[in-house]
Amino acid sequence: MSEGDETSASGLLDRRLFLRRGLRWSAAIAAAPSIAFAADLPSDPTRTPGQPFSNYGQPSPQEKATIRWISANRAVAGNGVSWTPLHDLEGIITPSGLHFERHHNGVPQIDGEAHRLSVHGLVKQPLSFTIDALKRYPQRSRIGFVECGGNSNSSWNLEPLQTRAGYLHGLASNSEWTGVPLAIVLDEAGVDPAARWLVLEASDAIGMNISLPLAKARKDCLLALYQNGERLRPEQGYPLRLIVPGWEGVLNVKWLSRIELTTEPVMSRNETSRYTELQPDGRARQFTFVMDVKSLITSPSPGHLLSEKGLYEIRGLAWSGRGKVKKVEVSADAGKTWKPAALQGPVLPMSFTRFRIPWRWDGAAATLQSRAVDETGAVQPTRTALVAQRGRAGYFHYNAIVSWQVSEDGELSHVYA
Ligand SMILES: Nc1nc2c(c(=O)[nH]1)N[C@H]1C(S)=C(S)[C@@H](COP(=O)(O)O)O[C@H]1N2
Ligand SMILES: [Mo]
């Protein structure tokens, strides 16, 4: 089927159909999902005043099922994750209260006034910054994702796990981060030409530490103070965290307190025993910093129900640690045929990108998939290709195509296709 065809055999429609023809959904579907304006609209329920003002707003109580899903490791206090409910969210910004969490030892309660960031090691002048001092430096904002290197790791399992899309792939969230470019602070301290690495260290109980190449630190990293316009949430690293665009979540050190310039990586737990894995040829993958191109359909997805045949908008998210998303294609027949989805702007580098495509469901069983391509030409692999390349010992960096099966009853489940 060519791109211009209105409907392919799998029911996917041209992504621009509605824009171009100015069609209304109700005109395009047999049974319109809307109901005509009727006389039985509820009457004005009350004339008494509503709720009072509040100092800090909360979601509607009716949305109480839109929550992070917590999987805590009971053996170590405060070690575990909570997942972003990607299947309930729209657009590209993750609300701060739903940003996924990965803590190794809980959320420390840090006094922002007493907190210091020290920069030392291979520098001309070791420096110590208060948060107030950092706030006086020039700041930048960037919208981008943080994704844990272990996101989606249950998909390495032999059987597909049945849960909501966000609880499979939601160790990834997207925010507007604002703070001081790390390069400015490094220049202030004067980096010794022998330095190649930064060792980052945090103020949580575990004293998390990890190494970052100097070139990346200078290129685009931010000492973030703000998230979605307000100061960082404690769970996201208040009062100061590092943002390392497009790279593994673990490098985005929260509660950041120390930066040491060195010639070599420190070889901490997070870059040796973790985030390192054996490949089929017996060699280990280490320092696999960049998060690869990835996408998934967030709606419809498991837990949603297609209540009747007819027209649906397939919606999803795509992102790449290498730059912008260039193309997302969608299949409704398990990958036999593909149709390009519309990318909703802004399409930003190293950020979630929202895609959409109309689909006419004929009531038969179908398998929905999305496949993203980034601006470097990297293509999201099939699960079979990823497992063939990486073997069965994989744990990190799972980015294969995700498949949702639609049953004749309109229920969705997770399958490997
Ligand atoms: N100090 C500190 N920084 C940390 C961690 C931590 O446990 N302690 N976890 C890391 C990991 S593994 C990830 S994936 C990201 C998660 O960031 P988030 O909790 O804001 O989503 O933070 C990183 N920074
Ligand atoms: Mo992580």
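The following legends describe close-up views of a predicted model.

View 1. The shell around ligand 1 comprises 20 residues, of which Phe-100, His-104, Asp-204, Arg-241 and Lys-254 come nearest. Strand β3, spanning residues 101-103, gives the most to the shell, contributing three residues.

View 2. A polar backbone atom of Phe-100 lies 2.6 Å from an oxygen atom of ligand 1. A nitrogen atom of ligand 1 is 3.1 Å from a polar backbone atom of Asn-252. In the side chain of Lys-254, an N or O atom is found 2.5 Å from an oxygen atom of the ligand. Ligand 1 taken alone exposes 530 Å², and the protein buries 100% of that area.

**View 3. The cavity that holds ligand 1.** The largest cavity is the site in which ligand 1 sits.

**View 4. Gly-50 and its setting.** Gly-50 is placed in the loop between helix α2 (25-28) and strand β1 (69-73). Gly-50 is classed as exposed because its relative accessible area is 66%, where the cut-off for exposed is over 50%. Thr-376 stands 326 residues from Gly-50 along the chain, and the C-alpha atoms of these two residues are separated by 53 Å.

Key
Residues numbered from 1 in each chain as written. Chains lettered and ligands numbered in written order. Predicted model: local features only at pLDDT ≥ 70, side-chain atom pairs only at ≥ 80, totals over all residues. Heavy atoms only, no water. Near = heavy atom within 4 Å. Polar contact = N/O pair within 3.5 Å; in protein donor to acceptor, adjacent residues only side chain to side chain. Areas by Shrake-Rupley, 256 points an atom, 1.4 Å probe, with all protein chains shown as cover. 1 Å grid on protein atoms, 1.4 Å probe; cavity = no way out; pocket = protein on both sides within 12 Å on 5 of 7 lines; lining within 4 Å. Sits in = over half its atoms within 2 Å of the grid points. Helix = DSSP H or I, 4+ residues; strand = E, 2+ residues; numbered from the N terminus. Buried < 20%, exposed > 50% of the residue type's maximum accessible area, 1.4 Å probe, protein only.
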